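Trainee: I'm new to this structure and would like to understand the words used for it. Could we go through them together?

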Amino acid sequence: MIDRTMTDKPRKTPVSHQVNVHRLARKGMPVSIEADAGQRGALAEEHDLLSVERFVADLTVRPWKADGVRITGTVEAEITQACVVTLEPVSSHIREDVSATLVPEGSRLARNEVDGGEFVLDAEGPDMPDTFHGSIIDVGALAEEFFTLGIDPYPRKAGAVMEAGQPQDEAPKEPGPLYEGLRKLGQKS
């Protein structure tokens, strides 16, 4: 999972959308982000894509427990990447479900130490909440992180096949000095 700790000064994402967590209604706040042409171009450059034709995030930001925030929704995008075999354009659709819990820095809900015992973490259970600093969170940056998870690291055009190289013999045809030295060492043992 990507580290979403909001305490460091993160880079400004092209799809930034800041929310004041202290002004959230109890029922939550819907957030819709639709990237314009400039933002899509910046996303393509940032993630080494040929292009981003569409980027849409539909999220809901709700209060969680005493002072935390729960963000749920989806990120969808249409992207074009270069095939790893032929370098031809490959179109892809991304759809990622967003689910994140954030708590203020220093919150007891973010601590994972246990006095005098073991800390048990369930790999299939919920993630520990991430932290944020101050009262503003950038839900656009979170949406971009989930967008990143949906990008295929090795896009391949349908039918593209990598040609296998010529098989090489185990031993060189003409042994060199290194080969001879290793062979002599092997005979000594």
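Mentor: Gladly! Let's begin with one leucine: Leu185 has 54% relative accessibility and counts as exposed. Keep in mind that this is a predicted model, in which local features need pLDDT of at least 70 and side-chain atom pairs count only at pLDDT 80 or more, while totals for chains, interfaces and linings use all residues. Residues are numbered from 1 along each chain as its sequence is written, and side-chain values use heavy atoms, leaving out hydrogens and water.

Trainee: Why is Leu185 called exposed?

Mentor: Exposed means over 50% relative accessible area, buried means under 20%, and partly exposed is in between (1.4 Å probe, protein chains only). Leu185 is at 54%, so it counts as exposed. Leu185 sits in helix H3, residues 177-188; helices are DSSP runs of H or I with at least four residues, strands are runs of E with at least two, and both are numbered from the N terminus.

Trainee: Is His47 buried or exposed?

Mentor: With 18% relative accessibility, His47 counts as buried. His47 belongs to the loop between helix H1 (37-46) and strand E3 (51-64).

Trainee: Which residues is His47 in contact with, leaving aside its neighbours within four places in sequence?

Mentor: They are Glu144, Phe147, Thr148 and Ile151, where contact means heavy atoms within 4.5 Å.

Trainee: How do you know that Glu88 and Lys157 form a salt bridge?

Mentor: The term needs a side-chain nitrogen of Lys or Arg within 4 Å of a carboxyl oxygen of Asp or Glu. For Glu88 and Lys157 the N to O distance is 3.1 Å, and their side chains meet in a salt bridge. Glu88 is in the loop between E4 and strand E5 (89-104) and Lys157 in the loop between helix H2 (139-149) and H3, so the pair ties together parts 69 residues apart in sequence.

Trainee: How many salt bridges does the structure hold?

Mentor: Two. Asp97 also forms one with Arg95, their closest N and O atoms being 2.8 Å apart.
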